Amino acid sequence: MTTHIDDLVARGEIGGRTVRILENGEVDCHEYPVAPLPDGFVRVRSDRTAVSPGTELTYVGRGATNPYLHRHWDPELRLFVEGAPSVEYPIAFGYRAAGVVVESHDARVRKGARVFGKWRHTEFTTLAADDAESQLLPDELSFDDAVDLAQMLPIAVNGVAFAEDRHVGSPVVVFGCGPIGLLTGQVARATGATKVLAVDRLPARLEIARAVGFEPVTPEGDVVARLKREHGSEAIAVAFECSGSPAALHEAIRTVRRRGTVVALGFYQGDAAGLRLGEEFHHNGVEIRSGQIGNLHPSFDLPSLRARAVELARTRQVVLGPLPRTELPVEEARAGFEALRRPAEVLQVVFRYG
């Protein structure tokens with residue numbers, strides 16, 4: 001759920017140049033005042049923030065599909081129910097960020113310290129000193145690495161944990177070579193998968209997958225039948241669906257062996273067109289597991305999940321910063337979101353704060 005933007009300003013969570021999603025579906029960059037810094041907190045000036053294309057685009061445009069825009073989320077029942085939508089425009093969003101401490105009211109975190117976190121697309125934010133101390137950026141990692149440490153890489157680590165080690169010693173298939181798919185495949189490989197087979201409809205995305213060591217699968221014809229003829233019907237125990245497409249989820253179900261596991265990491269919108277549960281799901285007894293970050297695997301809590309992500313990045317078992325990105329000044333936020341509508345050209349967008 002989102003918080004009213006005036007409350008975010010008052011709490012110091014946003015300040016200075018800030019990206020907003022407006023009620024008409026447009027995106028702009030608006031300047032907000034910077035709130036006083038309380039004791040026990042630090043102020044961070046963003047160096048860069050990155051857009052999460054899967055989630056953030058669901059809030060943008062006149063046909064925005066995010067369920068919070070159309071239904072009411074009841075946190076006690078954990079249900080979407082009829083009622084007032086659970087968001088209020090304008091929305092300040094984002095959760096891929098890195099920056100420098102420019103003011104500190106706690107001796108544990110010095111001015112000039114580099115930190116990462118889940119704050120919004122905003123020039124200034126405040127963090128509790130405890131949070132800032134736990135999110136200090138290791139010296140060997142760059143700001144381009146850092147924007148994925150708080151949320152995107154933990155999403156991938158959490159998703160692979162839901163495979164319950166069934167991927168170890170076997171090939172895995174990743175559907176969707178966006179940022180989450182590219183990270184998830186690397187985590188699967190780092191934790192024991194023998195190879196990562198990458199499926200995407202866009203040749204440019206398959207070339208990026210090849211660059212990180214995946215084996216691209218060209219999308220012509222019946223991809224799954226081709227995979228099973230090549231590798232055998234029982235070879236693939238786990239597939240990761242990372243595109244948010246119900247049709248791709250159906251193909252992932254078709255891919256795994258009998259009683260295999262599909263981990264769903266995509267953010268599915270609307271009705272499930274293309275998902276035919278009377279076919280392989282029914283006949284092969286396939287298990288579908290939600291690997292969403294809002295539901296942590298029992299082996300993790302948030303600190304241990306983040307620590308595992310940082311370890312994978314520091315040991316270079318996962319490529320983060322070198323993944324392609326389009327960089328723009330935050331004042332051009334609207335153009336950045338428009339660029340993400342061209343997935344054949346743009347993998348991800350980063351805003352710089354100068």
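1. D106 sits in a loop, the one that runs between β6 (97-104) and β7 (114-117). The model is a predicted one. With a relative accessibility of 18%, D106 counts as buried, because the cut-off for that class is under 20%. The side chain of D106 forms a polar contact with the side chain of R108, at 2.9 Å. Leaving aside residues up to four places away in sequence, D106 touches G40, F41 and A129.

2. T255 belongs to helix α9, which covers residues 246-255. The relative accessible area of T255 is 2%, so T255 is buried. Beyond residues up to four places away in sequence, the contacts of T255 are V173, F175, V224, L227, K228 and I236.

3. V330 is placed in the loop between β15 (326-329) and α12 (333-339). V330 is buried because its relative accessibility is 0%. Once residues up to four places away in sequence are set aside, V330 touches R17, V19 and C29, and also F351, R352 and Y353. A further pairing is with V350: 20 residues separate V330 and V350 along the chain, and their C-alpha atoms are 8.5 Å apart.

4. On the chain as a whole, the secondary structure amounts to twelve helices and 16 strands. Of contacts between residues at least 6 apart in sequence, 67% join residues at least 24 apart.

5. Buried residues make up 53% of the 354 in the chain; D106, T255 and V330 each count as buried. The accessible surface of the chain is about 15,400 Å², and carbon and sulfur atoms account for 51% of that surface.

6. As to charge, the chain carries 40 positive side chains and 47 negative ones. The centres of these two sets lie 4 Å apart.

Terms used: Residues are numbered from 1 along each chain as its sequence is written. This is a predicted model: local features need pLDDT of at least 70, side-chain atom pairs count only at pLDDT 80 or more; totals for chains, interfaces and linings use all residues. Side-chain values use heavy atoms; hydrogens and water are left out. Helices (H or I, at least four residues) and strands (E, at least two) are DSSP runs, numbered from the N terminus. Buried means under 20% relative accessible area, exposed over 50%, partly exposed in between (1.4 Å probe, protein chains only). Contact means heavy atoms within 4.5 Å. Accessible areas come from the Shrake-Rupley method with a 1.4 Å probe; for residues, only the protein chains shown count as cover. Lys and Arg count as positive and Asp and Glu as negative; His and the chain ends are not counted. The place of a charge is taken as NZ of Lys, CZ of Arg, CG of Asp or CD of Glu. A polar contact is a pair of N or O atoms within 3.5 Å; within protein, one must be able to donate a hydrogen and the other to accept it, and residues adjacent in sequence count only if both atoms are side-chain atoms.
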